[in-house]
Amino acid sequence: MRGELLFEGKDWDFETIQRIHDAVATIAHKELGLDTFANQIEVITAEQMLDAYASTGMPLFYKHWSFGKRFAQHEGIYRMGLQGLAYEIVINADPCISYIMEENSATMQTLVIAHAAFGHNHFFKHNYQFRQWTDPEGILDYLSFAKTYIANCEERYGHAEVERLLDAAHALMPQGIDRYPRKRPMNLQLEEKREQDRKEERERLYDDLWRTVPGRARGSRQLASDKRRALLGLPQENILYFLEKVAPRLKPWQREVLRIVRLIAQYFYPQQQTKVMNEGCATYCHYRLLGRLHETGQIGDGSFLEFLTSHTNATRQPFYDSPSYSGINPYALGFDMMRDIERIVREPTEEDRYWFPEIAGTGDEMEVLRHVWANYRDDSFIAQFLSPRLIRNWRLFHVVDDREHPHLEVAAIHNERGYRDLRRSLAAQYEVGGYAPDIQVVDVDLAGNRKLVLHHRVRDGKMLELANASMVLGHLANLWGYEVLLQEIDATSEQVLKEHMVRPEHG
């Protein structure tokens, strides 16, 4: 039965937005079985959207010059017409906050609400990575605390001092993350309750470590290497955490600022691991929701064509030799894989039954997709669900470009072994360990010059870029307060390939 149109033309008001939200919610919850946080939808201007871009999309954030620089870059490109703005930003919070631009047409508001307020929202609430690492109920309180704390530090210690500390902490943000499963949600109340215990533990550990300073403590030189490393928790991949707990020259307020930056970096970590799945989920949901609104007569043919134009642009995948090619579009790959799973569940071929016996022909694509959205991240999702048919449709090949050999090698073609190799090689590109350098603190000279030693395990010959390495190590040395030695180690042969030695500016 066809219903009344939710809107006509491009114009909208707040009552229209409410009608759109309620209509989308009915289909999302009752027909697709989505389970979402409550929604908070805020209408903002293009300038406010630029501002949200600049501050990582969060509604509350502390001040830093880099956010202003980013704002100016985005604004300049936008004003020259070289780049459009995203139609939405959505915050993983409870209630889930979705920003929609006042310049959007009514159809675009419908698309954004379906995409963000229901697609992303469901994914945030159920995916295990977000459940493990984020606290939707506490994030806004924590950001408010962080903003106030850093503003107070600026008043007390000076803007320049705080800015130098934030510069260093931001440079180390990619190395301020725990990458292995460990329950450590960010919750302000819980953090406050534990703070006293942490303080006592820090003081005990700090005393154990630094009473070994030459000339002050006895017996420190005999501290066994393994005991020292155990006390320090080495090796340690989370460099910001290590500095926060152990760096000898940092003041308490500086340790707290490092902790703020570290926890915010950890908060965004799940998004890095689920880009394809998260956008694929939201795009698949908006496609189903807008399609259903059209089928039931709640949006007209003109609006549906406008939606299809935007949807097609978002899921466009340029060829590798196109000037606009910039890698695999996560919207395109994610959406195509969701649709492919739907096909396998509804209309499987014999090939699908061979490759996906657990889901082929089961008949309920939403049950399968909800399970997938909850229990996978990008690399495991691709490794498990990239089908031979999609590999053929996307014309994927595995091409090896080894600098030691004069020719390119096509290492996987479209046969059974090739499909498996292609899935593995594409999935590997989405593993965090595949693109983030493996750098760990491995030792500290407690009894001597306090030199900090780090190892970078080099895989496939990928050494650190010299200019960036020097800059980041300079920040690290300033935070540590003494010399820092980074050794690049071949992950296979354990041979030292290169060494970087940096001293602090005041050292």
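**Entry 1: a pair in helix α14**

I looked up Asp340 and Arg343 and found both in helix α14 (residues 330–346), three residues apart, about one turn of the helix. Helices here are DSSP runs of H or I with at least four residues, strands are runs of E with at least two, and both are numbered from the N terminus. The model is a predicted one, where local features need pLDDT of at least 70, side-chain atom pairs count only at pLDDT 80 or more, and totals for chains, interfaces and linings use all residues. Residues are numbered from 1 along each chain as its sequence is written, and side-chain values use heavy atoms, with hydrogens and water left out.

I noted a salt bridge between the side chains of Asp340 and Arg343, at 3.0 Å from N to O. The term stands for a side-chain nitrogen of Lys or Arg within 4 Å of a carboxyl oxygen of Asp or Glu. Asp340 and Arg343 are both buried. Buried is under 20% relative accessible area, exposed is over 50%, and partly exposed is in between (1.4 Å probe, protein chains only).

**Entry 2: salt bridges of Glu365**

I searched the whole structure for salt bridges and got 22. I then picked out Glu365. Its side chain meets that of Arg288 in a salt bridge of 3.1 Å, N to O. Arg288 lies in helix α12 (residues 275–295) and Glu365 in helix α16 (residues 365–375), so this pair ties together parts that are 77 residues apart in sequence.

The side chains of Arg346 and Glu365 also meet in a salt bridge, at 2.7 Å from N to O. Arg346 belongs to helix α14 and Glu365 to helix α16, so the pair ties together parts that are 19 residues apart in sequence. Salt bridges with shared partners join Arg288, Arg339, Glu342, Arg346 and Glu365 into one network.

I checked how covered these residues are. Glu365 is buried, at 5% relative accessibility. Arg288 is partly exposed, at 23%, and Arg346 is exposed, at 52%.

**Entry 3: two surface patches**

I looked for patches next. They are made of residues with over 30% relative accessible area and no salt bridge; like charges are joined within 9 Å, and nonpolar side chains (Val, Leu, Ile, Met, Phe, Trp, Tyr) within 5 Å. Accessible areas come from the Shrake-Rupley method with a 1.4 Å probe, and for residues only the protein chains shown count as cover.

Phe397, Val399, Leu408, Val410 and Ile413 make a nonpolar surface patch of about 480 Å². I found Phe397 in the loop between α18 (388–393) and β4 (398–400). Phe397 is partly exposed, with a relative accessible area of 46%.

A surface patch of negative charge gathers Asp401, Asp402, Glu404 and Glu409. Lys and Arg count as positive and Asp and Glu as negative, while His and the chain ends are not counted. The place of a charge is taken as NZ of Lys, CZ of Arg, CG of Asp or CD of Glu. Glu409 sits in strand β5 (residues 409–412) and is partly exposed at 46% relative accessibility.

I placed Lys125 in helix α4 (residues 106–126); at 23% relative accessibility, Lys125 is partly exposed. Leaving out residues up to four places away in sequence, Lys125 touches Asp35, Thr36, Phe37 and Arg131. Contact means heavy atoms within 4.5 Å. Lys125 and Asn92 are 33 residues apart in sequence, and their C-alpha atoms are 8.3 Å apart in space.

Last, I found Thr16 in helix α1 (residues 14–30). Thr16 is buried, with a relative accessible area of 6%. Apart from neighbours within four places in sequence, Thr16 is in contact with Leu6 and Phe7.
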